[in-house]
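Please keep the sequence and the structure in view while reading.

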Amino acid sequence: MIISPSDNGVRKYLVAKDDASLLYIATLGCIEMNPWHSKVETEDNPDWCIIDIDPAENTFNQVIEAAKVTKDILESIGVKSLSKRAGQQAYMFTFRLEQNIHTSNQKNLPG
């Protein structure tokens, strides 16, 4: 169980601690398995970042354009990422947060 810092509520998460438990959970087929983005020891400090570009009200061409811009920005600051199609019309970028991003490049990020 984890105590949420935002409302002090108790959260229960299913954690498979061995291969048999993981196989059992996967066999159920009714539990969505999303990867945790940090180690248990450092749960407040994620190791991975995911940028998920969903179309919402936009066209698929706009999603593709946003994916290209995202890739260009990540490459311009030296971040190696993996991209993939997610669902019918979405793109997802995944990258490690432990990469060395030069401080001189951080000022070039939008926002």
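The protein chain contains 3 helices and 5 strands; these are DSSP runs numbered from the N terminus, helices being H or I with at least four residues and strands E with at least two. Along the sequence the elements follow the pattern β-β-α-β-α-β-β-α. This is a predicted model, in which local features need pLDDT of at least 70, side-chain atom pairs count only at pLDDT 80 or more, and totals for chains, interfaces and linings use all residues. Residues are numbered from 1 along each chain as its sequence is written, and side-chain values use heavy atoms, with hydrogens and water left out.

Of the 111 residues, 17% count as buried, meaning under 20% relative accessible area with a 1.4 Å probe, protein chains only.

An open sheet of 3 strands has the order 3-5-4 and antiparallel pairing, where two strands pair if DSSP finds at least two bridges between them. Strand 3 (48–53) and strand 4 (82–86) are at the edges with a single partner strand each, so one side of each has no neighbour in the sheet. From one strand to the next, the twist averages 20°.

Strand 3 is joined to strand 5 (residues 90–96) by 6 bridges, and the two run antiparallel. Asp52 has Met92 in strand 5 as its bridge partner.

Helix 2 (residues 60–76) packs on this sheet and touches strand 3, strand 4 and strand 5, a contact being heavy atoms within 4.5 Å. The direction of helix 2 makes about 15° with that of strand 5; axes are lines fitted to C-alpha atoms, for helices over the stretch in contact, and angles run from 0 to 180 degrees between N-to-C directions.

Definitions and conventions:
Buried means under 20% relative accessible area, exposed over 50%, partly exposed in between (1.4 Å probe, protein chains only).
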